[in-house]
Amino acid sequence: MAMNNPYQSYQTNAVQTASPGELTLMLYNGCLKFIAQAKKAIEEKDIEARNTNLLKAQKIIQELMVTLNMEYEVAKSMMTMYDYIYRRLVEANIKSDISILEEVEGYVKEFRDTWKQVIQLNRQRQYAQGGHV
């Protein structure tokens, strides 16, 4: 019988109990983690690790793309940016180009930080209306 990994259990529980907004935040953070690992892999000339991490980052961007509600105008703008980020991740992988990753990392950080603010404002509004978080 295998021993349960407490960290893995915590991660699984965190994902299963997260709100849609928190899940999106987790995706942004995961994407940033994989970009950072890919940058390190490029520096270390580890082609396999670079490829693996950039493929994971690309999958996250694809997930963000398919979850957009295209009924809203802002979603159309976000789709354009996600598509750009995705194509740049592919290019960075082909060229082993850290500068492309730094550019993309900046965009993902902006999305993540904006999303954090949205979650915080939503929580404040719920609290002000007498709800609980």
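Q: Leaving aside neighbours within four places in sequence, which residues is Thr24 in contact with?
A: In this predicted model, Thr24 is in contact with Leu64 and Trp115 once its neighbours within four places in sequence are left aside. The place of Thr24 is in helix 2.

Q: Is Thr24 buried or exposed?
A: A residue is called buried when its relative accessible area is under 20%. Thr24, at 17% relative accessibility, therefore counts as buried.

Q: Which residues touch the most other members of the largest nonpolar core?
A: That core has 25 residues, and the ones that touch the most other members are Ile35, Ile61, Tyr82, Leu89, Leu101 and Val108. At least two residues of the core come from each of helix 2 (20-43), helix 3 (47-66), helix 4 (73-95) and helix 5 (98-128), and the largest share, seven residues, is supplied by helix 2.

Q: How are helix 2 and helix 5 packed, and at what angle?
A: Two packed helices are described by the angle between their axes and the distance between the axes. Here helix 2 and helix 5 pack at an angle of about 160°, and their axes are 9 Å apart. Angles over 145 degrees count as roughly antiparallel, and helix 2 and helix 5 are therefore roughly antiparallel to each other. The crossing of helix 2 and helix 5 is left-handed, and the residues of their contact divide into 14 nonpolar, three polar and nine charged.

Q: How many helices and strands does the protein have?
A: The protein has five helices and zero strands, and read along the sequence the pattern is α-α-α-α-α. Of the 133 residues in the protein, 30% are buried. Among contacts with a separation of 6 or more, residues 24 or more positions apart account for 61%.

Methods: Residues are numbered from 1 along each chain as its sequence is written. This is a predicted model: local features need pLDDT of at least 70, side-chain atom pairs count only at pLDDT 80 or more; totals for chains, interfaces and linings use all residues. Side-chain values use heavy atoms; hydrogens and water are left out. A nonpolar core is a set of buried Ala, Val, Leu, Ile, Met, Phe, Trp, Tyr and Cys residues joined through side-chain atoms within 4.5 Å. Buried means under 20% relative accessible area, exposed over 50%, partly exposed in between (1.4 Å probe, protein chains only). Helices (H or I, at least four residues) and strands (E, at least two) are DSSP runs, numbered from the N terminus. Axes are lines fitted to C-alpha atoms, for helices over the stretch in contact, and angles run from 0 to 180 degrees between N-to-C directions. Angles under 35 degrees count as roughly parallel, over 145 as roughly antiparallel, 65 to 115 as roughly perpendicular and the rest as oblique. A crossing is left-handed if the near helix is turned anticlockwise from the far one by less than a right angle, and right-handed if clockwise. Ala, Val, Leu, Ile, Met, Phe, Trp, Tyr, Cys and Pro count as nonpolar, Asp, Glu, Lys and Arg as charged, and the others, Gly among them, as polar. Contact means heavy atoms within 4.5 Å.
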